[in-house]
2 protein chains.
Amino acid sequence: MINVAVVGYGNIGKSVVKAVLLADDMKLCGIIRRTPSPIPSIDVPVATDIEHLTEKIDVVILCAPSRSIPDTAGKYLSKGISTVDSFDIHTQIKDVRAKLDKLAKDGNAVSVTAAGWDPGSDSCIRVLMQAMIPTGVTYTNFGPGMSMGHSVAVKAIDGVVDAISMTIPLGTGIHRRMVYVQLEKGAEFTRVENAVKNDPYFVHDETHVIQVEDINEVKNAGHGVDLQRLGMSSGVNNQRMSFNMTIDNPALTAQIMTGCARAACRLKSGCYTIIEIPPVDLLPGEREYWVSKLV
Amino acid sequence: MINVAVVGYGNIGKSVVKAVLLADDMKLCGIIRRTPSPIPSIDVPVATDIEHLTEKIDVVILCAPSRSIPDTAGKYLSKGISTVDSFDIHTQIKDVRAKLDKLAKDGNAVSVTAAGWDPGSDSCIRVLMQAMIPTGVTYTNFGPGMSMGHSVAVKAIDGVVDAISMTIPLGTGIHRRMVYVQLEKGAEFTRVENAVKNDPYFVHDETHVIQVEDINEVKNAGHGVDLQRLGMSSGVNNQRMSFNMTIDNPALTAQIMTGCARAACRLKSGCYTIIEIPPVDLLPGEREYWVSKLV
């Protein structure tokens, strides 16, 4: 049994708790959060610090904001506890991986970073497509679904009570932004609309801003992706492949993190992105079983 | 540079030669075949035995019939030369892997087995889908495309000069077989048709037999697959994903084998199926480059 603790109890943390409770080879030993009050319906210790848990933890699944990940992961790795995170700032992954690699090796632990669906499982699919079609173009078409980063950027605009930015795929990696805003009383819609359209997050995309009475009416966690690659294998053109999914976003992210927690217990110390992990190590049980069943 | 030799020069062997010549990190050091005559347009030594090549070979890519693979691979592994094969008899992969694992460890070499697209890259996709959706159903829908195994079964029927069996996907893993036969003069079509429909390869599938004058008119190496999975992640239903491709069959098989030859040079001794290899190891160059580019 793998002893797991979940750090953070927001959308992703709640889903990870469900995924770990459903995994036969894992034991959920605790939830770490700022408020240590027990969580109704889940019979699991809640603590503010991992030291307060009675069981020895093999791996923590970090369900905290991306910006806090490098420091938080480092803290656990230094104690010799492996970590999994879904750090999602693509441009910083290489550096975070290098930093956590050192800490993990020093602590004789494993860090699996950027382990959601993009970055994460989509990255694996992109690598497999690259291996199968070494020359060509890959397009990652996101959505329809809510973009957290874009939504947060809109929420920061003066006069906005709450906002959701939906990503709509237009093909070839081009996206439309459908932005739903709930405004403060008296806030001028046209000013907010212009602020959104001129924000760096939106300025290069086709963006539509729509005012709603109550943001909860449009909230939903559905998402999807369509990854496409066209190119040449062994000198032959017109090789085409695509990977498509429609999913509950936190549920998929949590499931992938849970698989990576399993892999973390099978890897040598160091930091890994998911493209560096044998896929079978994400699954429970013996390799031979999956070789027979899925190869 | 990785020193590669290609064993066999049929459809797959020819494509592997192209893929290796296109790989910047590989050197094609020789082609091993029964007839050692030089191959026009390719300036590479041709020999009947690897001992006749002047350069030290790191890995051989075996482009020989599946049934011959365990013995052929064993011969090279015992000499300390790594091997890649696309052994495709699904029910025997587990045993072949166990056998080659011992030989590879004894020879301090690496064997990558069952490394085509199915078994092979499709197996990787199935494993990733299983990790993302641990409970649910996966369907592998093949085609449209020619099935070698089914075609060979028809060719063995008395009165058949040549034959092609096309696999047509009907969804949920159910396939129609469209069998094209070129008959000997005087052979009775109805007898051949019945023999095909009662053959173990065809008896469970909807099968249509069509007589053609010349099999070459229908020959082609296009193929495809549509892998689908629907199920539950983290307790949430209606998670849907699919992987779809349309490809030149030998070109894709050869490209995957070439990627696996690269991986073979990076793995500890032993035998691996592709689901046991970090996907990034199929690609040339440094991990960091691909982490920046594709994660």
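This is a predicted model: local features need pLDDT of at least 70, side-chain atom pairs count only at pLDDT 80 or more; totals for chains, interfaces and linings use all residues.
Residues are numbered from 1 along each chain as its sequence is written, chains are lettered from A and ligands numbered from 1 in the order in which they are written, and side-chain values use heavy atoms, with hydrogens and water left out.

Phe243(A) and Phe243(B) are the residues with the most contacts inside the largest nonpolar core, which has 162 residues; such a core is a set of buried Ala, Val, Leu, Ile, Met, Phe, Trp, Tyr and Cys residues joined through side-chain atoms within 4.5 Å. Here buried denotes under 20% relative accessible area, exposed over 50%, and partly exposed the range in between (1.4 Å probe, protein chains only). In soluble globular proteins, nonpolar side chains tend to be buried together.

Strands β12 (residues 222-233) and β13 (residues 236-248) of chain A pair in the antiparallel sense over eleven bridges, where helices (H or I, at least four residues) and strands (E, at least two) are DSSP runs numbered from the N terminus, and pairing requires that DSSP finds at least two bridges between two strands. Within this pair, Leu227(A) stands opposite Phe243(A) in β13(A), and in the hairpin, which has two residues between the strands, Ser234(A) takes a positive phi near 50°. β13(A) is also joined, by seven bridges and in the antiparallel sense, to strand β13 (residues 236-248) of chain B, with Met245(A) opposite Met241(B).

At the start of helix α7(A), a side-chain oxygen of Asp248(A) reaches to within 2.9 Å of the backbone nitrogen of Ala251(A).

Over all chains the structure holds 32 salt bridges, each defined as a side-chain nitrogen of Lys or Arg within 4 Å of a carboxyl oxygen of Asp or Glu. One of them links Glu276(A) with Arg97(A), the closest N and O atoms being 2.8 Å apart; because Glu276(A) lies in the loop between β14 (270-272) and α8 (287-294) and Arg97(A) in helix α3 (residues 93-107), the pair ties together parts of chain A that are 179 residues apart in sequence. Both Glu276(A) and Arg97(A) are buried, and they belong to a network of salt bridges that also includes Asp281(B), Arg287(B) and Glu288(B). A further salt bridge, between Arg287(A) and Glu276(B), has an N to O distance of 3.4 Å and joins two chains; Arg287(A) is partly exposed at 26% relative accessibility, whereas Glu276(B) is buried at 2%.

In chain B, Thr113(B) occupies the loop between β6 (110-112) and α4 (121-132) and is buried at 0% relative accessibility. The side chain of Thr113(B) is joined to that of Asp85(B) by a polar contact of 2.8 Å, a term for a pair of N or O atoms within 3.5 Å in which, within protein, one must be able to donate a hydrogen and the other to accept it, residues adjacent in sequence counting only if both atoms are side-chain atoms.
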